[in-house]
Each structure stands twice: as C-alpha cells, then as structure tokens.
Amino acid sequence: MSGEEQLLVRKIDWGTVIDHIPSWKADQVLKLIEAESLTKDPDVSVIVLKSVPSRKYGRKDVIKLYHYYIKEPDAALIKLLFPTATINFIRDWKVQKYVPNLPEELVGKVRCPEVTCISNAKREPVVRRFRVLKEQGYVQCYYCDALLEISSIPDFIAA
Amino acid sequence: MSGERGAGALPRGELRGRDVVSAKDLTREDAELIFEVAREVEADPGRFSGVLRGKRVALLFVEPSTRTFSSFYIAARRLGGDVLPLNEPEMTSLSKGETLYDTLKMLEGYGVDCVVMRHPARGAARFAADVISAPVINAGSGSQEHPTQALLDVYTILKKRGKVDGTSLGMLGDLKFSRTVPSLAYLISNFDGVELTFIAPPALQVRQEVELFLRERAVSYTKVTRQQEIPDAVSRLDVLYVTRLQKERFPDPSEYERLKGSYRVDMGMLRHARPTLGVMHPLPRVDELDAEIDRTPHAWYFDQASYGLPVRMALYALVLGDAG
C-alpha cells in the first residue's frame with residue numbers, strides 16, 4: 001500500500017491485507033471469504049477501500065482484515081477469481097507476502113448451480129466438490145458435471 | 001474383438017468390481033470387452049446362467065422405469081443372481097424422508113454385491129459410489145447420464161453397421177434434458193473418426209459440459225439449430241438418434257408447452273437420408289417419431305431396445321462375475 005492509502009486507513013499490528021483487487025470487486029471478495037461471519041469475533045474488523053488510485057492498475061480495491069489471518073482455501077479462491085490480487089499477512093506490523101497454490105479442486109465452499117444436483121439435496125451428507133478448469137474459465141461439479149463460470153463463484157458460496 | 005473365449009471360461013477384465021457411474025469413465029477397451037461378452041451372451045446364453053450365483057443385486061429405482069428396470073432384473077436372474085427389487089416408493093423409506101445415504105448404508109449392511117440405481121438427482125450415482133464399497137451401476141441420474149443405455153446404443157451401431165469407427169451420428173430432439181445423449185456422446189467419442197451433429201432448437205441444445213468434453217477430446221461436432229438446415233444435416237448421417245421431450249424435467253411447464261411438437265421425425269424428413277440410415281430412439285417415444293418409420297429398414301429402435309438384455313448381462317458378468 002502506498003503512503004497515501006495509509007493516510008486513509010492506519011496500519012494494523014496483525015491480520016491480512018488483500019491488495020490489488022480489481023476496482024469495485026471488493027464486494028465479491030467479501031462474499032468469497034464470508035466476511036460478515038468473520039466479524040462474529042468481536043476482535044475482528046473488516047476495512048474496505050474502493051477504487052483507490054493504483055500506479056499499476058489505475059484503480060484498485062483493498063481489503064484489510066484486522067486481527068484475522070485468511071485461510072488458505074479462501075486465499076486460493078481469491079487468486080483464482082482475481083489473479084492480480086496480492087495477499088499479505090501482517091505479523092507484528094511486518095508485512096509478509098503470501099502466495100497460495102491454485103487449487104485443482106474446490107471442496108466444501110461452493111454450491112452447485114444445478115438445482116437438481118444431489119449436492120443441493122437437503123439432509124444428504126454430500127461434501128461439495130468442484131474440479132477447477134482454469135484455462136476454460138469454469139469449475140465443474142464433481143457429482144453432476146454442471147459448469148459454473150469462475151467469475152460467478154461469489155454468487156454460489158455455500159451458506 | 002477376438003471372440004476367442006473357450007466354452008465355460010468366464011469373462012475377466014478391468015471392469016471387475018468397478019462402478020459404472022459415467023460413460024466418461026469407460027474406455028474403448030472397456031466398451032469392446034462388454035460388446036464381446038454381449039455377443040457371447042447372445043450366441044449362448046446358457047453358458048452364463050451361473051455367473052451371478054450367490055450374488056445379490058439391489059435394484060434401487062427411485063424414478064419410474066420400464067425397460068431399464070426390467071432388463072436389469074431379467075439380466076440378473078438369467079445369470080443366476082438374487083435380485084432385491086426396490087422400485088416402488090413404499091419398498092424403501094425414501095418416501096418417508098429417509099436419506100439416500102441411509103438407504104445405501106442399509107443395503108450395504110444387507111451385504112448386497114451391487115447396487116443398480118436410478119435417481120432423479122443429477123450426481124446421485126457418483127455420490128452413491130462414494131458412499132458404499134459395492135459397485136454402483138448408474139441406471140439413470142436425473143438429466144445427467146445413463147451410461148448403460150449408451151452401451152446398448154453403441155452396441156446397436158456396432159451390430160448394424162459392423163463398426164463404430166467413422167460413424168456420422170446425429171442426435172435430434174431434447175438434447176438439453178436427455179440423459180442418454182450425454183452418455184452416448186461420451187462413449188462414442190472413444191472411437192475413431194466419429195462425427196456428431198446435434199440437431200435441436202437453441203432452447204433444447206446439448207449441454208455445455210458435453211461440448212466441453214468433446215472439445216477436450218478433440219471430437220468433431222456441429223450444432224444444427226434451424227429447421228431449414230435439417231434435411232442437409234440428415235443427408236450426411238449414418239445414424240439418427242431421436243429423443244423425446246423430457247416433460248418431467250422442464251422447470252417451467254409453459255416452456256414445455258412452447259416446445260412441444262417443435263420437432264418430428266417422419267418419412268418426409270427421411271426423404272433426404274441415405275438408404276442405409278439407421279434411426280434409433282431410447283424409447284419411450286411420444287409423437288416425435290412417426291410410426292410409419294417402423295415398417296422401414298431405417299427403424300433400428302426395437303432391435304436397439306432388445307440389446308439392453310445381452311449388454312446388461314455382459315456388464316453384470318464383467319463387474320460381478322467370478323473369473324473362471
């Protein structure tokens with residue numbers, strides 16, 4: 001983050017900074033990480049900067065997760081949707097860059113868009129699974145083969 | 001295919017103990033082995049009469065079925081197996097709200113050696129295969145797949161044409177909600193030089209995942225969406241595979257009403273066809289296939305239906321039979 005942004009939001013002692021999110025896409029990232037549920041913990045705050053100037057991309061969004069370290073599957077999902085996004089862990093004021101491995105499979109997080117899929121059946125103990133077809137721009141349900149565009153994943157985050 | 005098995009020798013192969021959930025999981029070798037055994041079954045069914053002796057097969061049909069259920073039932077009985085038919089809602093507790101998971105666990109507890117399952121949910125067969133250790137044979141998973149129908153469909157093409165390679169296959173009708181179309185496209189894509197033509201209005205065209213699969217496999221296919229293009233498309237086909245409008249799978253009944261009667265195969269359409277064109281249909285048909293075709297050499301569909309029995313006997317024998 002540039003000095004100018006730091007004027008907007010103060011530094012944090014520990015937590016996560018998700019930087020270089022495409023401009024106006026922060027809400028999608030918030031959906032991916034289920035940000036609302038994170039703030040059930042009273043120590044956690046979610047700070048969002050939208051459309052701030054960026055030397056590299058013109059404009060960008062930034063999310064700070066104060067007192068929360070993002071989990072690896074969530075980090076990987078962000079990277080899958082927004083390859084430009086960078087994830088930094090802050091530990092004792094120091095910035096540590098984190099590069100998640102891109103997943104071959106998404107487990108548990110995403111709901112199948114096909115309403116008649118067994119993974120959407122109430123009460124069946126189905127673990128949701130998707131194969132990642134990054135080059136084609138889709139994820140594919142392991143059970144029913146339905147395709148979901150990677151860009152639509154935020155609308156299908158399992159409740 | 002060798003067809004060199006000695007009398008009394010029972011089939012072996014890579015299929016033993018395997019689930020048959022998707023036609024995507026079947027290789028050309030798998031299909032050819034099944035066809036080889038199916039031919040042997042047709043030639044000498046008596047030789048196979050004890051292949052499933054002592055084996056218990058559960059037929060868990062949560063959706064209505066006549067042909068598929070009967071042929072799986074008769075096939076297992078002819079091979080000497082015990083059959084647990086669960087095809088009426090009151091026969092399982094699914095109608096009382098029991099989960100599929102619990103039903104499958106119960107069947108596993110009874111020591112069944114195989115579950116043949118039809119279920120309205122897409123993906124149900126894959127889920128079932130993960131839940132129980134006994135092989136699961138998918139007899140229809142919603143609008144997703146029907147791999148054993150694809151086996152008998154390709155067997156029909158082999159029997160009628162003498163080869164599957166180089167087949168120009170057109171699929172016409174409700175390609176979107178049909179479960180036989182994806183399975184047939186997946187299975188036949190194992191063969192060389194196959195060309196597929198999907199003939200349907202845009203609202204009923206083949207599903208995206210099928211196209212993706214075919215592109216990955218570099219299988220040549222085209223889509224025909226306009227009525228005026230159909231005669232030319234049909235004139236280039238070896239086989240025309242017709243499907244019924246899947247009324248029960250339309251989320252919106254008005255959409256069904258709008259598309260009802262939007263296609264019909266009759267002698268007028270076949271005027272442009274090669275004399276050797278075979279017309280196939282997974283049956284049941286409603287009004288999409290004119291009965292006039294029944295009396296012509298184009299009609300392959302009744303033979304096609306009859307191949308369900310030897311193909312399913314062969315599949316049971318290979319998945320469950322004791323190798324001799």
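Visitor: What makes 15 residues of chain B count as in contact with 19 residues of chain A?

Guide: Two residues are in contact if their C-beta atoms, placed from the backbone, lie within 7 Å. By that test, 15 residues of chain B touch 19 of chain A. This is a predicted model: local features need pLDDT of at least 70, side-chain atom pairs count only at pLDDT 80 or more, and totals for chains, interfaces and linings use all residues. Residues are numbered from 1 along each chain as its sequence is written, with chains lettered from A and ligands numbered from 1 in the order in which they are written.

Visitor: Which helices of chain B supply at least two residues each to the side that touches chain A?

Guide: Helix H3 (100-109), helix H4 (124-131) and helix H7 (208-216) of chain B. Helices (H or I, at least four residues) and strands (E, at least two) are DSSP runs, numbered from the N terminus.

Visitor: What makes B:Leu100, B:Thr103, B:Leu104 and B:Leu107 buried residues of H3(B)?

Guide: A residue is buried if 20 or more other C-beta atoms lie within 10 Å of its own, exposed if 12 or fewer, and partly exposed in between; C-beta atoms are placed from the backbone. These four residues of H3(B) are buried.

Visitor: What is called the largest nonpolar core, and which residues touch the most other members?

Guide: A nonpolar core is a set of buried Ala, Val, Leu, Ile, Met, Phe, Trp, Tyr and Cys residues joined through C-beta atoms within 7 Å. The largest one has 136 residues; B:Ile34, B:Val115 and B:Ala128 touch the most other members. H12(B) gives the most to this core, 10 residues. Leaving aside neighbours within four places in sequence, B:Ile34 is in contact with B:Leu151, B:Val311, B:Ala314, B:Leu315 and B:Leu318.

Visitor: How do you know where the domains of chain B lie?

Guide: Bounds come from an automatic or database domain assignment. That assignment gives domain 1 (23-145 + 308-320) and domain 2 (147-306) of chain B. Their centres, taken over C-alpha atoms, are 25 Å apart.
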